[in-house]
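Let's take a walk through this structure together, starting at the ligand and ending in the loops. Keep the 3D view open as you read.

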Amino acid sequence: MKRLTVAIDGPAGAGKSTVARRVAEELGLLYVDTGAMYRAITWKALQSEIDLSDEQVVAAIAREAEIVLDPPEVLVDGVRVTEAIRSPEVTDHVSMVAGMAEVRRVLVEKQRQMAKDGGVVMDGRDIGTHVMPDADVKVFLTASIEERVRRRHLEMIRRGYASDPDRLYQEIKRRDEMDENRSHSPLKPAADAVMLDTTGRSIDEVVSMILDLCRTKV
Ligand code: C5P
């Protein structure tokens, strides 16, 4: 029997990864953070000191890279990059890399491979619309931009980075605009996604709302 598939999409800072990880833990499912995969390719491209706007070269990197997601660890070609892929430098370049059609094709294929037997909670921008259009549960998480900035600010400080809320506001706005307006599988809710505004809601509350949705499917 095919096991449950859960797609969690939404803009930057909406709380997707924290919530998706918890839902996966509660249900004993595999958690796949697809943003980490786009970040991993961006990290490798930055390390390789290539021209990041050269789509052919970045696509070759995506094809060759061996990405391992072993939550919470992320490895690229055997190198542990768990923290490095969250650096401001990677964050500043990731939406450009994620806008490249061939990079998306390569990563989407890997993501579908991971989801093929079900039993997965996957978070990203195009999971319900493109990667797993037949997912059993689709959730689109949102939050006000002020709330998303506040959460990212606290997260950056917790991870030991200097953080400026004004800069974060601009970064999140720019990333959302690039993700929403790219031509290949842009950020948007699937027609059958449940919209969940997490502004002012605790993680526990959001997790329990999603678990309720999952229980209606088993
Ligand atoms: O989720 P996270 O913020 O780590 O994602 C980093 C970036 O990766 C996003 O801003 C977006 O450009 C890209 N991304 C994507 N499609 C996904 C997941 C992430 O384009 N499924």
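Start with Arg175: an N or O atom in the side chain of this residue is 2.8 Å from an oxygen atom of the ligand. That's a polar contact, meaning a pair of N or O atoms within 3.5 Å; inside the protein, one must also be able to donate a hydrogen and the other to accept it, and residues adjacent in sequence count only if both atoms are side-chain atoms. Arg182 has a polar side-chain atom 2.8 Å from a ligand oxygen, and for Arg39 the distance from a side-chain N or O atom to a ligand oxygen is 2.7 Å. On its own the ligand has 460 Å² of accessible area, and the protein covers 95% of that (areas come from the Shrake-Rupley method with a 1.4 Å probe, and for residues only the protein chains shown count as cover).

Before going on, keep in mind that this is a predicted model, where local features need pLDDT of at least 70 and side-chain atom pairs count only at pLDDT 80 or more, while totals for chains, interfaces and linings use all residues. Residues are numbered from 1 along each chain as its sequence is written, and side-chain values use heavy atoms, with hydrogens and water left out.

So who else sits around the ligand? There are 16 residues around it, and Arg39, Arg104, Asp126, Asp179 and Arg182 come nearest (near means one heavy atom within 4 Å). Sorted by class, this shell has eight charged, four polar and four nonpolar residues; Asp, Glu, Lys and Arg count as charged, Ala, Val, Leu, Ile, Met, Phe, Trp, Tyr, Cys and Pro as nonpolar, and the others, Gly among them, as polar. Helix α2 gives the largest share, four residues. Helices here are DSSP runs of H or I with at least four residues, strands are runs of E with at least two, and both are numbered from the N terminus.

Now look at the sheet. Its three strands are ordered β3-β4-β5, open and antiparallel, and strands pair if DSSP finds at least two bridges between them. β3 and β5 are at the edges with a single partner strand each, so one side of each has no neighbour in the sheet. Between β3 and β4 there are four bridges, and Ile67 stands opposite Val76 in β4.

Finally, the loops. Pro71 and Pro72 are joined by a cis peptide bond, with omega about 5°, and Pro72 lies in the loop between β3 and β4. Glu49 isn't a glycine, yet has a positive phi of about 55°; Glu49 belongs to the loop between α2 and α3.
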